[in-house]
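Visitor: I have the model open on my screen. Can you walk me through it?

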Amino acid sequence: MTDQSRSRSLWMEYAPGPDRPALDSSVQTETVVVGGGVAGLCTAWELARAGHSVVLLEADRIASGVTGHTTAKLSALHGMAYARIRAIHGARGARLYAHSQQLAVDHVAEVCQELAIDCDLERLPAYTYTEDPAKADELREEAEAARAAGLDASYETDLPLPFPVAGAVRVMNQAQFHPRKYLLALAADLERLGGRIFERTRVTGLREGSPCKVSTSSGHTVTARDVVIATHYPVFDRALLFTRLEPKRELVVAGPLPAGPEPGGVFLTPEGGTRSVRTAPGGEDGRRLLIVTGEKFTPGAVGEGEVEERYARLASWARERFDGVELTHRWATQDNWTTDHVPYVGRLHAGARHTYVATGFAGWGMSGGVMAGALLASRIRGRESAWTSLYDPVRLHPLREAPALLRLQAQAARHFIGDRVPGAHADSTDDIEPGGGAVVRVGGRRLAVHRDTTGRLHALSARCTHLGCIVHFNDGEQAWECPCHGSRFDIDGKVVQGPALRPLEQADLTEESGGTREGTA
């Protein structure tokens with residue numbers, strides 16, 4: 001699969017919904033939600049349903065960022081999470097996590113019925129499996145931990161897959177759906193309830209107080225009692241969450257299966273850089289669509305393999321295990337992992353009274369985002385839930401989180417310092433192939449240089465505008481990525497994904513030709 005015309009999410013082919021205006025004047029409201037993905041939309045809708053005045057601000061189009069590129073599994077079984085959560089948060093923490101996530105899965109089904117939303121919702125079992133007999137005992141342990149946490153979990157060896165497995169955890173009554181169909185319907189109901197949505201409105205500033213004030217790149221402001229930051233990676237980080245968040249990117253390939261038996265569930269194995277499998281309706285002649293996710297990697301990290309190679313590896317895996325599948329689409333998704341395996345949902349920092357955040361869903365943003373919407377709406381209304389402290393971003397378990405914290409900080413330092421050291425290659429910019437990119441040393445500056453398919457060079461500062469790490473080129477998606485905190489920029493420097501708020505600085509190569517290349521991605 002090398003045809004770039006196929007690089008589009010299945011979900012993004014659904015109608016975009018009405019074109020909503022950008023914020024063109026300063027406004028006041030009770031709560032302003034920053035971010036129009038699943039967490040932001042669910043929070044805004046829950047508040048509006050409770051009678052609150054709500055404004056939602058989205059930098060692009062709602063349900064089109066990470067949420068528009070998810071695999072859209074709705075499950076409380078999150079890979080190998082429960083044994084790890086129990087080890088750090090105790091048995092009670094694992095039970096609260098399981099209960100809150102399962103409630104989120106069930107809540108989506110209830111809302112679909114309440115609002116008559118047709119979003120291809122299907123209830124079915126979820127599986128975490130291994131093909132390695134040596135790892136079967138780990139799956140047995142995870143099945144026991146999930147069952148002890150309150151899920152309908154069991155250990156299985158016979159799965160509805162066309163290839164053998166050594167063992168698996170199964171949890172019944174999970175789900176899959178079309179995320180944009182669901183969230184665009186939720187957005188329409190939010191507006192019916194009096195909520196206001198502004199698209200193409202980038203938030204650039206936050207002043208906390210009574211009231212709070214959010215400022216935008218256009219100069220207009222929103223004044224509100226409460227502010228929710230639901231921007232995937234927090235664009236305002238006053239609790240230093242970047243020291244405890246690790247961005248990871250995953251690739252997706254999809255296409256119609258031949259007629260016949262299909263996988264009867266949603267599946268995941270952590271092996272081989274992760275492999276996740278589900279199906280969806282919508283193929284020609286009534287055929288089901290196979291969706292396979294995997295090849296987890298740090299965005300922008302040099303030495304983790306070129307993205308085109310990863311796409312090829314994932315496509316090969318899908319074809320080997322699902323005979324006759326026709327792969328027609330490919331895309332990528334991104335999420336953030338916390339150091340203690342539980343998302344950060346709650347106070348923006350220890351002193352916060354009216355500012356909140358939702359992040360760190362570790363690839364499970366559908367159930368996590370729905371949970372976050374309910375939790376934050378309850379907190380803003382003055383109601384505490386049983387799992388408020390579990391998800392509180394201010395929590396810290398120094399001894400139990402120490403290995404992950406140290407690894408994450410060492411990794412960030414390695415990128416920040418190591419990426420400034422000249423690499424083994426010193427090729428001329430003339431050697432950058434059409435469609436390729438490289439970080440180039442020019443007159444003491446590091447520039448991010450891309451050559452488009454016409455041969456024209458695009459030069460930018462290679463310093464990420466978030467905290468100054470050096471970006472690297474993603475050949476599979478034609479983007480510049482920061483390995484420290486996951487910011488992404490298009491070939492012209494525009495912010496595609498935060499936490500960066502400002503574009504990469506433009507550079508002029510007309511008087512600076514003949515630089516040396518330090519690395520490609």
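Guide: A disulfide here is a pair of cysteine sulfur atoms within 2.5 Å. This is a predicted model, where local features need pLDDT of at least 70, side-chain atom pairs count only at pLDDT 80 or more, and totals for chains, interfaces and linings use all residues. Residues are numbered from 1 along each chain as its sequence is written, and side-chain values use heavy atoms, with hydrogens and water left out.

Visitor: How many disulfides does the structure hold?
Guide: One. C469 and C484 form it, with their sulfur atoms 2.0 Å apart.

Visitor: Which hand does the disulfide of C469 and C484 have?
Guide: It is left-handed, because the torsion about the S-S bond is about -95°.

Visitor: Where do C469 and C484 sit in the chain?
Guide: Both are in loops. C469 is in the one between β20 (457-461) and β21 (472-474). C484 is in the one between β22 (479-481) and β23 (488-489). They are 15 residues apart, and the pair links distant parts of the chain. Strands (E, at least two residues) and helices (H or I, at least four) are DSSP runs, numbered from the N terminus.

Visitor: Are C469 and C484 buried or exposed?
Guide: Both are buried. Buried means under 20% relative accessible area, exposed means over 50%, and partly exposed is in between (1.4 Å probe, protein chains only).

Visitor: What about C119, which is in no disulfide?
Guide: The nearest cysteine sulfur to C119 is that of C112, 3.4 Å away. C119 counts as buried, at 1% relative accessibility. C42 is buried too, with a relative accessible area of 4%.

Visitor: How many bridges join β22 to β23?
Guide: Two, and the strands run antiparallel. For E481, the bridge partner in β23 is R488.

Visitor: Is the peptide bond from S210 to P211 cis or trans?
Guide: It is cis, with omega near 5°. P211 is in the loop between β8 (203-207) and β9 (212-216).

Visitor: Now aromatics. How many aromatic pairs are in the whole structure?
Guide: Nine. Rings of Phe, Tyr and Trp (its six-membered ring) pair if their centres lie within 6.5 Å; planes under 30 degrees apart count as stacked, over 60 as edge-to-face and the rest as tilted. One of the pairs is F163 with W317: centres 6.0 Å apart, planes at 75°, so edge-to-face.

Visitor: Where are F163 and W317?
Guide: F163 lies in the loop between β5 (153-156) and β6 (167-176), and W317 in helix α5 (residues 307-321). The parts they tie together are 154 residues apart in sequence. Both F163 and W317 are buried.

Visitor: What is the geometry between W317 and F322?
Guide: Tilted: 6.4 Å centre to centre, 55° between the planes. F322 counts as buried at 3% relative accessibility. Ring pairs link Y129, F163, W317 and F322 into a cluster.

Visitor: Which charged end sits over the ring of F163?
Guide: That of R321, 5.6 Å from the ring centre. The criterion is NZ of Lys or CZ of Arg within 6 Å of the ring centre and within 35 degrees of the ring normal. Another case is R330, over the face of Y311 at 3.9 Å from the ring centre.

Visitor: Last one. What does G346 touch?
Guide: Leaving out residues up to four places away in sequence, G346 touches T355, Y356, V357, L376, R379 and P393. Contact means heavy atoms within 4.5 Å. G346 is in strand β16 (residues 344-347) and counts as buried at 0% relative accessibility. G346 and D392 are 46 residues apart in sequence, but 5.1 Å apart in space, C-alpha to C-alpha.

How values were computed:
Two strands pair if DSSP finds at least two bridges between them.
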